[in-house]
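Subject: Handover of a structure

Hello,

I am passing a structure on to you, with notes on what was found in it. Please look through the sequence and the model before reading on.

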Amino acid sequence: LLIPGSYRGYGNANYTGPKTPFILVVAGLAWIVTVIMLVLGMTMYYRTILLDSNWWPLTEFFINLALALLFLAAGCVYVNDTIRGGLCYYQYFNNGINGAFCRTEAGQTAAIIFLFFTMIVYLVGAIVCLKLWRHEAARRLRELILYPSLHSNRLLMVQGSRWQSPLVKGHIPAGHAPKPVIMPDYIAKYPAIRTDEQRDQYKAVFNDQYSEYKELHVEVQAILKKFDEMDVMMQNLPQNPTSHMERDRINKILQEYQRKKMDPSFLEKKERCEYLKNKLSHIKQRIHEYDKVMGWNDGYG
């Protein structure tokens, strides 16, 4: 509904007519940006480059925040239109013919709900992006502390190491430091079997390292079982100790618990056990593939 002219003479009210074009521009701009973001989010470039950069989550935060503020402004303007800039609060305006302009139709109510609900959606999106940015910043800091050499030599391939980092190819934006794609050394060391002699070599490696894996697996599982028992004990500790002595006792238990969980010897054994498990599975799969082609079956399938 349009009200001809402008109204400035009723108290503090100042209404110059509907601002429908502004609302349509805001909604159209927001949906265009949203569609672009959704299409971009389905690309590999977004998942492998942008999400791993230290600036994109923050950029998404500001984009979502800007869209939320635009919808907030559009919602306020639309509400102002429905009350005709405050004129409908004056009894001498809200009567007779003018009173028809002050009635809020069901469609107008739905539009108001839509504008403010969309604002909340974009605001939630902005909060999620901010949390993602903080999470990634914390992750990079942990990596920098735990693996300083990984950052000083981004894609260094260490001779004799169990892990290799293949070079990342393709266009990478300036200032972006991609995470190395970790690939175990046995992937390249044990390719598909081509000959019977190669199969025998794989079988010998499997038999040689399987005994080491079994021994490590038993030891690691025993330690993990103790940790499970300690977890139960930790859950049963009082949350609010009543005395200083009780607090000291609980603190010592917590420190000992953390010390055992972070014991370098245990972590090394656990890592070695997991590595051997994956390596043996890979070798067994290679033998199985070759046997399937050759029609053999000696227990490795």
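How does C76 count at its relative accessibility: buried, partly exposed or exposed? C76 is partly exposed, with 43% relative accessibility. On this scale, buried means under 20% relative accessible area, exposed means over 50%, and partly exposed lies in between, taken with a 1.4 Å probe on protein chains only. Another cysteine, C273, is buried at 7%. The structure has zero disulfides, a disulfide being a pair of cysteine sulfur atoms within 2.5 Å.

Some ground rules. The model is predicted, so local features need pLDDT of at least 70 and side-chain atom pairs count only at pLDDT 80 or more, while totals for chains, interfaces and linings use all residues. Residues are numbered from 1 along each chain as its sequence is written, and side-chain values use heavy atoms, with hydrogens and water left out.

Overall layout

The chain has 10 helices and two strands. Helices (H or I, at least four residues) and strands (E, at least two) are DSSP runs, numbered from the N terminus. Along the sequence their order is α-α-α-α-α-α-β-β-α-α-α-α. The chain has 301 residues, and 30% of them count as buried. Contact here means heavy atoms within 4.5 Å. Among contacts in the chain with a separation of 6 or more, 68% are between residues 24 or more positions apart.

P57 is found in helix α3 and is buried, at a relative accessible area of 1%. Apart from neighbours within four places in sequence, P57 is in contact with L50, L51, C129, L132 and W133. P57 and R134 are 77 residues apart in sequence, and their C-alpha atoms are 9.0 Å apart in space.

Helix α3 (56-82) also supplies at least two residues of the lining of the second largest pocket, as do α1 (20-41) and α5 (106-146). A pocket is found on a 1 Å grid over the protein atoms alone: it is an open set of points, where a 1.4 Å probe fits, with protein on both sides within 12 Å along at least five of seven lines, and lining residues have an atom within 4 Å of a point. The second largest pocket holds about 220 Å³ of space; grid points are joined across faces, edges and corners, and the volume is the space filled by probe spheres set on the points. Its lining has 14 residues, and T34, M37, E60, N64 and Y122 lie nearest the centre. The most lining residues come from α1, which gives five.

H217 and K270 are 53 residues apart in sequence and 8.2 Å apart in space, C-alpha to C-alpha. V220 also lies in α8 and is buried, at 5%. Not counting residues up to four places away in sequence, V220 touches F266, K269, K270 and C273. V220 and E271 are 51 residues apart in sequence, with 9.9 Å between their C-alpha atoms.

Helix α9 (residues 244-261) has 18 residues and reaches 26 Å from its first C-alpha to its last, close to the 26 Å expected at 1.5 Å a residue. The expected span is 1.5 Å times one less than the number of residues. In α9, I250, I253 and Y257 are buried. They lie on the same side of α9 because they cover an arc of only 60° around the axis, the arc being that of the directions from the helix axis to the C-beta atoms. An α-helix has 3.6 residues a turn, so residues three or four places apart point the same way. On the other side of α9, H244, M245, K252 and Q255 are exposed.

Helix α10 has 31 residues and reaches 45 Å from first C-alpha to last, close to the 45 Å expected at 1.5 Å a residue. Its buried residues include F266, C273, L276, I283 and Y290. H282 lies in α10 (residues 264-294) and is buried, at 12%. Leaving aside neighbours within four places in sequence, H282 is in contact with Y186, I187 and Y190. After α10 comes G295, with a positive phi near 80°.

Regards
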